[in-house]
Amino acid sequence: MVIQNKLKGVDVQDSQVPLILHSFRRCPFAMRVRMAFEEKGIAYQVIEEDLGNPSAELLRIHPSGQVPVLVHGDQVIPESAIITEYVEEIFPNPPLLPADPAGRARVRLWTHWCAETLKGDLDEFKYDWETLNEDERAALLARLHAALEKLAAALSDQPFLLGESITLADIHLFPFYRQLTRARPKEPELLSYPASLNAWLERLVSRPSFVRVMARPSSSG
């Protein structure tokens, strides 16, 4: 999909049109968007939301009260992966998607896998571990180990998921792997993390873009 330069009369590539992001600092979905913005060196404003008490403005533009939500001129865009691709099309440099359709499809497949498989198992590991019986815990750990093996295989001979350069695939997935490494069930059996994945995570969290994401103050207006 090609986004036209003008939407509802607003020149979206005009640097005077602010990018306003309703966000929550620890939300991995919002982290994706902020990381993409920082990688591209885009000026943007962050409105930090209290997810237990969303602002009236957030509820007005997105009644679910979920983040991230991007406001850009007349556009109100929720959903992190949609926001990052929207920004990629408007601000294509430096690129975070491959130039070829096959490469872009691979990015989207990683994003889909994260949403449909990894995220659900991660949430179960983080929030439901105490309620699971022994068989359910074993099944969950097996699925998570399979996920780690899938990621490790992709990173066995290259620094990023699609090769030598960071793409939205890395940006979309790494916040969830980061959460997984920090999730510790109250049981002696813990996950082991392949060295290639820890190196990938360290490569990402040490990038200046991520350092700025974690250090960036929010604004209320």
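## Helix packing, sheet and cores in a predicted model

Helix 4 (residues 101-127) and helix 6 (residues 168-182) pack at an angle of about 10°, their axes lying 10 Å apart. The two helices are therefore roughly parallel to each other, a label for angles under 35 degrees. Axes here are lines fitted to C-alpha atoms, for helices over the stretch in contact, and angles run from 0 to 180 degrees between N-to-C directions. Helix 4 contributes Val107, Trp110, Thr111, Trp113, Cys114, Leu118, Lys119, Leu122, Phe125 and Lys126 to the contact, and helix 6 contributes Leu168, Ala169, His172, Leu173, Phe176, Gln179 and Leu180; contact means heavy atoms within 4.5 Å. By residue class, this contact comprises 12 nonpolar, 3 polar and 2 charged residues. Ala, Val, Leu, Ile, Met, Phe, Trp, Tyr, Cys and Pro count as nonpolar, Asp, Glu, Lys and Arg as charged, and the others, Gly among them, as polar.

The model is predicted: local features need pLDDT of at least 70 and side-chain atom pairs count only at pLDDT 80 or more, whereas totals for chains, interfaces and linings use all residues. Residues are numbered from 1 along each chain as its sequence is written, and side-chain values use heavy atoms, with hydrogens and water left out. Helices (H or I, at least four residues) and strands (E, at least two) are DSSP runs, numbered from the N terminus.

An open sheet of 4 strands has the order 4-3-5-6 and mixed pairing; two strands pair if DSSP finds at least two bridges between them. Strand 4 (45-48) and strand 6 (75-78) are the edge strands, each pairing on one side only. On average, and with direction ignored, neighbouring strands are turned by 20° against each other. Two of the pairings are set out below.

| Strands | Sense | Bridges | Bridge partners |
|---|---|---|---|
| Strand 3 (residues 19-23) and strand 4 | parallel | 4 bridges | His22 and Ile47 |
| Strand 5 and strand 6 | antiparallel | 4 bridges | Val71 and Val76 |

The hairpin of strand 5 and strand 6 has 2 residues between the strands, and Gly73 takes a positive phi near 60° there. Helix 1 (residues 28-40) lies across strand 3, strand 4 and strand 5 (69-72), at about 150° to strand 3. Helix 3 (residues 80-90) also packs on the sheet, where it touches strand 5 and strand 6 and makes about 130° with the direction of strand 6. Strand 6 has a covered face of Gln75 and Ile77 and an uncovered one of Val76 and Pro78.

Between strand 6 and helix 3, the loop holds Glu79, whose phi is positive, near 75°, although the residue is not glycine. Glu79 is partly exposed, at 48% relative accessible area; this class lies between the buried limit and exposed, which means over 50%.

The largest nonpolar core has 44 residues, and Trp110, Phe125, Leu161, Leu180 and Trp200 have the most contacts inside it. Such a core is a set of buried Ala, Val, Leu, Ile, Met, Phe, Trp, Tyr and Cys residues joined through side-chain atoms within 4.5 Å. A second, separate core of 13 residues includes Leu19, Tyr44, Ile77 and Ile83.

Cis peptide bonds join Val67 to Pro68, with omega near 5°, and Asn93 to Pro94, with omega about -10°. Pro68 is in the loop between helix 2 (56-61) and strand 5, and Pro94 in the loop between helix 3 and helix 4.

How values were computed. Angles under 35 degrees count as roughly parallel, over 145 as roughly antiparallel, 65 to 115 as roughly perpendicular and the rest as oblique. Buried means under 20% relative accessible area, exposed over 50%, partly exposed in between (1.4 Å probe, protein chains only).
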